Every structure is written in structure tokens, then in C-alpha cells.
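Hi everyone, thanks for coming. I'd like to walk you through one model today, so let me put it up on the screen.

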Amino acid sequence: MTIKNRKILIIIGGGIAAYKSLDLIRLLKKNNNDVKTILTKSGKEFVTPLSVTTLTKNKTFEDIFDKSTEAEIDHISLSRWADLIIVMPTTANFMTKLAAGKAEDLATTVILASNKNILLVPAMNVRMWIHKATQKNINILEDYGYMFLGPEKGEMACGEYGEGKMSSPRQIFTYLENYFNKRNFMKKKNLKALVTTGPTREYIDPVRYISNESSGKQGREIAEVLNRYGIKTTLISGPSNLVTHSEIKTKKIISAGEMFEEVKKTLPVDIAVCAAAVSDFKPSKINKNKLKKNLKNFNYIKFEKNRDIVEYLGKNNKHRPKIVVGFSAETENINKNSFSKLKDKNCDLIIANNVSKKDVGFNSDYNKVLIIDNNGKIKQLKKNKKSFIAKKIVDVILDKLLIDERNFN
Ligand code: PMT
């Protein structure tokens, strides 16, 4: 199914690939979509406002200080108008501005003021792309929830070969079709999801607690992808500094007990993903005052088990989510131990990661996982950014959920 009747705002950046934006506009218009554009100062070096306006049949916005423009449509309403904002080509310089949260012209101001999903389509020289500064910006922008398409490998305008070529208008159009079709489908289904993430803290006394190294990143990325597909998503997070898209309802908790209570309150949902590193045990009592260092009896702290949240969801007779996804943090016998967890907790899928490695898993931007299905299928995902791993996990979840309705793709 193609896209139509969408409102797309295209920000045309300053690079030789800018001319390709004209082809995308033509494709979108041919399919009855409304397109508005912002031509950046450097974008104007490559395409003219006249050619853009001729194709969009709308005014081409150029400068934030254009008084007639501001009176006609201010930057807030322009960003509210769009169903999706595309920046093409996204240059290294433009990414730096976005990562710094700048609002220095119409394009950056619209983006900063926007509550819409934003697709960045980078194009630059391969060395600029692989430069640490650019890669650092990509991490920041992914953290802020920007979506990326490309760049592709190929010959570039500068004559070099490598990763840096902008995705073609046809590739962008296909991406948009998938994006809107999936979103449409999910919206119609009115799906709801809950994701647990981050560590829990089990207090011993007012200042000491038992916890772990979880940053909450992996669960946060999963919540972002679910939300991007239009699934109403609640993120229940242990202590972390992560920011989430404003559409995601985020509930902050401290202990496993509080996480359990919030999970119960959030039911019923269609999808539950438990990525949190929940403490299995808690001290039986929290000492009212700070324990003294001259404590005589070092066996003073007694422990009891926390309620297993994913098991509660998996075995819930009244409100079992259609898909329950557990995670499994293991340091040995990963397949065997993870499969046992899947069975014991009655999950549909379990995402197993080896947490003995420093470069993946806990508190890293990367992960490397096995997706184990209750039908015995195992899918291995190589080391990759947690945002990428999240997309793959969500695809498997949705395929499993919509197994009879695959034609939406
Ligand atoms: O947060 P990050 O820094 O991004 O790191 C991600 C991660 C490594 C924490 C994540 O990928 C991960 O593996 N999460 C699960 C960690 C864990 O507690 O695994 P487990 O094998 O101990 O628990 C198995 C499952 O039971 C998990 O889904 C866990 O959320 C759940 N559980 C555990 C105990 C409990 N009381 N209730 C639970 O729901």
C-alpha cells in the first residue's frame, strides 16, 4: 500500500545531493501527499526556491527572520503541521547543530520545537561520516530519538568510494511507505505496550542499596521503536538519566516492588517487554537508621525474594499480554539457561545477552543478543547499536503478533 494524504515537511540541506529532494517531492506529490519545504541557506546553493515551489505548489520557507513568513506561518505551527519531517541531505554540520540543540535558523528552530518524528538522511564524504565527532553526534541524535536512513555505500560526488552516499528518493519513499503503513496498522489495532528498563535499587538503610550497572538504554530504545510505530507505550524505568519521546508515558520507580506495582497498574497491554535488570532479592527490612560500621554481626542483613515481574505477566490468567518478552542476562550456558527462563516464566520470546563482556550489554551503547522464540527458533544478532538491536527485536515481536496479517508491510 502506498502513502497518500500525508503532510511531509522536507528540510533541504546544503550538499550536492540536495537536487534529489526534487525527485522525492515529485514522488510524494504524484501520490497525493502535501509537501512543504524549508530550504536552508546552504541548500539554496544547490537548488532554487523557484524549482522547489513549482513542484510542491507551496511557498518555500527560507529564513526565520522573514517577517512575512513568520506572520503567515510561524515555526511552531510549521512543525505541528507535518506528519513527519525529513532532512535531506543531512550534512555533518547540520547534525552537529541538532546534537547541540541549536535554534539559529528556521530549519533548526522548527526541529527543536517539533514533537514529530524526524528522519535524517545523511550524505557526506566517507571520512566525514566515520569521523569520531560525527559518530558521537549520531549517538546523541539516536538518543534523542531521531531516525536515520543511510548513508549508502557507493561512489560519491567527490570521486571517493565508501559509506556516505545519500539514500535515493525511491529508497526514502519506500522507507516512508513502510513507516506510515506500519503506523497506520498499529493505530487501527490500537495496540498498547509496556516496557520495563533500568536497574532497581533495594535499600539496606537510608543511604545504602543493592543495585546493578543497567543504564536503561536497551529498554528505552525498544520503547522508542514501539512508539514510532504508533503503539501506545508505557516505559517503567528504574533510576536512569535517559530522555524519552514525549509520546511515551514514562513512570519512574526505584525498587523492584515499585516496578511490580506500576506494571500491574499499566495492564492490560498487548505487548510486554521486560528489559529491566530487576533485583532478584531485597533485604527483608530496611534499617531505619544508617547501619554503624562497628556492626558486630555481619549476617545482620537477611534477604527475601522479589516478585518475578515477567513471570507474573507470562502466567497471568486475567490480563496476559498477547506477547510477553523476557530478557536473559547470562555469563555462561547462555542458550540453555535462557531457554529454561523462557519456559519457566512462560514467555513468548526471550532476548539473551552475554553480560560478561564489557563492550556490550550493561551500560554500553552496544549489545549482541540471541532472540529465542518459544517455537524453538533462534535468531542471532551480531554486535550492534542498541537502537538497531531494538528495531530488530520489535520487528520479531510484531511479526509474531501479526503472524496472520503480514500483508501490512
Ligand atoms: O540497561 P542497559 O545498560 O541498556 O543494559 C541492558 C541489559 C543488559 C540490562 C538488558 O539487555 C538485559 O539483559 N536485561 C535483563 C537483565 C536481567 O535481570 O536478566 P535476568 O536473567 O536476571 O532476568 C530474566 C528476566 O526476568 C528479565 O526479563 C528480567 O527483567 C526479569 N525479572 C527478573 C527478576 C524479577 N524479580 N522480575 C523480573 O521481571
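In which strand is Thr37 found? Thr37 sits in β2, residues 34–39; helices (H or I, at least four residues) and strands (E, at least two) are DSSP runs, numbered from the N terminus.

A quick word on the ground rules. This is a predicted model, with local features needing pLDDT of at least 70 and side-chain atom pairs counted only at pLDDT 80 or more, while totals for chains, interfaces and linings use all residues. Residues are numbered from 1 along each chain as its sequence is written, and side-chain values use heavy atoms, leaving out hydrogens and water.

Back to Thr37. It counts as buried, at 0% relative accessibility; buried means under 20% relative accessible area, exposed over 50%, and partly exposed in between, with a 1.4 Å probe and protein chains only. Not counting residues up to four places away in sequence, Thr37 touches Leu9, Ile10, Ile12, Ile25, Val52, Thr56, Lys59, Thr60 and Phe61, where contact means heavy atoms within 4.5 Å.

Thr56 turns up again with our next residue. Leu176, in helix α9, is 120 residues from Thr56 in sequence and 18 Å from it in space, C-alpha to C-alpha. Leu176 is buried too, with a relative accessible area of 0%. Beyond four places in sequence, Leu176 touches Ile3, Leu28, Leu84, Ile86 and Leu119.

Now, the nonpolar cores. As a reminder, nonpolar side chains tend to be buried together in soluble globular proteins. A core here is a set of buried Ala, Val, Leu, Ile, Met, Phe, Trp, Tyr and Cys residues joined through side-chain atoms within 4.5 Å. The largest one has 33 residues, and Ile222, Ile231 and Ile271 have the most contacts inside it. Several elements supply at least two residues each, among them α9, β14 (271–274) and β18 (349–354). Which helix gives the most to this core? That would be α14, with eight residues. There is also a second, separate core of 29 residues, including Ala18, Ala123, Met166 and Ile172.

Let's look at Ile271 for a moment. Leaving aside neighbours within four places in sequence, its contacts include Lys192, Leu226, Ile231, Pro321 and Leu401.

For polar contacts, read pairs of N or O atoms within 3.5 Å. A polar side-chain atom of Lys341 lies 2.4 Å from a ligand oxygen. Gly216 has a backbone N or O atom 2.8 Å from a ligand oxygen, and Arg307 has one 3.0 Å from a ligand nitrogen. Taken alone the ligand exposes 780 Å², and the protein buries 96% of that, with areas from the Shrake-Rupley method and a 1.4 Å probe.

Last stop: Pro199, in the loop between β9 and β10 (202–205).

Definitions and conventions. Polar contact = N/O pair within 3.5 Å; in protein donor to acceptor, adjacent residues only side chain to side chain.
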